[in-house]
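I opened my notebook for a first walk through this chain. Here is what I looked up, in the order I went.

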Amino acid sequence: MEKRYSEMTEHELKEEISRLNEKAKKAEQMGMVSEFAVYERRMVMAKAYLLNPDDYKPGTTYDFIDESDTFTIEYMNGTFAWGYRSNSKEIEGVPISLLKNK
């Protein structure tokens with residue numbers, strides 16, 4: 001039975017990220033776009049568990065790592081920040097690993 005990311009040690013998370021990265025590369029090389037996207041999303045989630053949620057503060061606006069949008073945190077729930085993207089009026093949750101910490 002596989003462990004949840006929340007139950008893994010830092011070392012186990014880094015090994016998982018490495019394993020997922022290899023699988024993502026193979027899927028990309030084989031043109032398996034959907035499978036590639038799944039591995040990418042899992043890596044993002046695993047990376048979120050390597051970060052400290054206390055470093056991300058409600059009311060603060062952060063830049064996304066690979067996007068031009070910004071994200072203003074309304075509240076935190078574990079490794080997810082809930083808030084608003086750029087000028088959107090719709091609340092959404094994003095893993096903190098997608099946000100640049102200042």
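The entries below go from the overall layout to a helix pair and then to a pocket.

**Entry 1: layout.** I noted at the start that this is a predicted model. I looked up the secondary structure of the protein chain and found two helices and four strands. Reading from the N terminus, I wrote the order down as α-α-β-β-β-β. I also took the box along the principal axes, which the C-alpha atoms fill at roughly 40 × 30 × 25 Å.

**Entry 2: the helix pair.** How do H1 and H2 pack, and at what angle? I found H1 at residues 10-29 and H2 at residues 33-48, with an angle of about 160° and axes 8 Å apart. Angles over 145 degrees count as roughly antiparallel, so that is my label for H1 and H2. The crossing of H1 past H2 is left-handed.

Next I looked up who meets whom. From H1, I listed Leu13, Ile17, Leu20, Asn21, Lys23, Ala24, Ala27 and Glu28; their partners in H2 are Glu35, Phe36, Tyr39, Glu40, Arg42, Met43, Ala46 and Lys47. Sorted by class, this contact has nine nonpolar, six charged and one polar residue.

**Entry 3: the largest pocket.** Which residues line the largest pocket? My list reads Asn21, Glu40, Arg41, Met43, Val44, Lys47, Phe64, Ile65, Asp66, Glu67, Ser97 and Leu98. I was pleased to meet H2 again here: H2 gives the largest share of the lining, five residues. By class, I have five nonpolar, five charged and two polar residues in the lining. For the space in this pocket, I wrote down about 240 Å³.

Technical notes: Residues numbered from 1 in each chain as written. Predicted model: local features only at pLDDT ≥ 70, side-chain atom pairs only at ≥ 80, totals over all residues. Heavy atoms only, no water. Axes fitted to C-alpha atoms, helices over the stretch in contact; angles between N-to-C directions. Parallel < 35°, antiparallel > 145°, perpendicular 65-115°, else oblique. Left-handed = near helix turned anticlockwise from the far one by under 90°. Contact = heavy atoms within 4.5 Å. Nonpolar A, V, L, I, M, F, W, Y, C, P; charged D, E, K, R; others polar. 1 Å grid on protein atoms, 1.4 Å probe; cavity = no way out; pocket = protein on both sides within 12 Å on 5 of 7 lines; lining within 4 Å. Points joined across faces, edges and corners; volume = space filled by probe spheres on them.
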